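Try each one before reading its solution.

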Amino acid sequence: WPVFAEDVDAILRLKRERDAVILAHNYQTPEIFHGVADIVGDSLALAREAARTDARVIVLAGVHFMAETAKLLNPDRTVLIPDPAAGCSLADSITPADMRLLRARYPGVPIVTYVNTSAAVKAESDICCTSGNARRVVESLGVARVLMVPDEYLARNVAATTDVEVIAWRGHCEVHERFTAAEVAALREDHPGLVVLAHPECPPDVVAVADFAGSTAAMCDYVDAHRPARVVLLTECSMSDNVAARHPDIDFVRPCNLCPHMKRITLANIRAALETMRHPVEIDPDIAVRARRAVERMLAVA
Ligand code: 13P
Ligand code: SF4
């Protein structure tokens, strides 16, 4: 902690001076998550809080699509991303041109777009979803068939829980696609009594052998509510550090898959963002109008 103290002090001071709020995703490292964040959560919670805040400046400690979502919901506020190169393999897996091809190929079929996409892709979609509300969003449309892009595994995991036919794209999260059912079996063998929680970006055969699947926030809630003696969170590994900090009595088993994009955000670049007001997120107004509609439509689904 002493090595971080100077940056933490400076960030806390700058937040007051700038009237800034820091929204941090559950995958941020503990010094960000516990040290400087005002709001922490999953993508859905960060979008909701972004829609609610009245701070003049929002610093998004997360990846670029999260900062774009915050900007869509706050066109008149300054939204800063400490490192604009903090991307996402899912967001990179589909383009607006792909979306237009899907429309042409499946006329009349609504497109549900995971928030892990660029604003330009959201602009081509009917409604967004997150891992926390995907099934609810799909079912809210009242149709027999939807397209769900770009995460193939999220789409297949949702399909397994609903009567709606879900047509998937071929994007994958480079962190979650690495978990395997064989790894889960080996973990259970090595750690008796292990409770396995999986993120729905994991392959369906991994979700099938987990005890519970849900968004990062749902996994945190599960641990808080059930307090298992021994647990593994099949997701980005900083999350275990963050949850373990409030559960010293729980044995967290940690295969460590890091998201290189999330790890681009540091105390140093958060501080630099607030000092110099860099890097403001800007979205083409024509794209923003259409993308905002898809995000707001999602937020209107209970
Ligand atoms: P959550 O919305 O569940 O936090 O997931 C975001 C993400 O990027 C998972 O890899
Ligand atoms: Fe994207 Fe996967 Fe990183 Fe989440 S963990 S930001 S889905 S690459």
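A residue is buried if 20 or more other C-beta atoms lie within 10 Å of its own, and exposed if 12 or fewer do. Keep in mind that this is a predicted model.

**Exercise 1.** Work out whether Cys259 counts as buried or exposed, and find its surroundings.

*Solution.* Start with the place: Cys259 sits in the loop between β12 (251-253) and α13 (267-276). Next, count: Cys259 has 21 C-beta neighbours inside 10 Å, so it counts as buried. Now look for partners. Leaving out residues up to four places away in sequence, Cys259 touches Tyr27, Val175 and Glu236. Glu174 is 85 residues away from Cys259 in sequence, yet their C-alpha atoms are 7.8 Å apart.

**Exercise 2.** Find which residues touch the most other members of the largest nonpolar core.

*Solution.* This core has 96 residues, and Val59 and Ile270 are the ones with the most contacts to other members. Helix α4 (residues 64-73) gives the most to the core, namely 6 residues. Then zoom in on Val59: beyond four places in sequence, its contacts include Ala20, Leu80 and Ile270.

**Exercise 3.** Describe how domain 2 meets domain 3.

*Solution.* First, get the bounds: the domain assignment gives domain 2 as 91-172 + 286-300 and domain 3 as 176-258. Then check the contacts, where 10 residues of domain 2 meet 12 of domain 3. On the domain 2 side, these are 3 nonpolar, 5 polar and 2 charged residues. Finally, the C-alpha centres of the two domains are 26 Å apart.

**Exercise 4.** Say what surrounds ligand 1.

*Solution.* Count 13 residues around ligand 1, with Asp42, Ser43, Ser131, Ser215 and Thr216 the closest. Sorted by class, the shell has 2 nonpolar, 9 polar and 2 charged residues.

How values were computed. Residues are numbered from 1 along each chain as its sequence is written. Chains are lettered from A and ligands numbered from 1 in the order in which they are written. This is a predicted model: local features need pLDDT of at least 70, side-chain atom pairs count only at pLDDT 80 or more; totals for chains, interfaces and linings use all residues. A residue is near a molecule or strand if its C-beta atom, placed from the backbone, lies within 6 Å of it. Ala, Val, Leu, Ile, Met, Phe, Trp, Tyr, Cys and Pro count as nonpolar, Asp, Glu, Lys and Arg as charged, and the others, Gly among them, as polar. A nonpolar core is a set of buried Ala, Val, Leu, Ile, Met, Phe, Trp, Tyr and Cys residues joined through C-beta atoms within 7 Å. Helices (H or I, at least four residues) and strands (E, at least two) are DSSP runs, numbered from the N terminus. Two residues are in contact if their C-beta atoms, placed from the backbone, lie within 7 Å. Domain bounds come from an automatic or database domain assignment.
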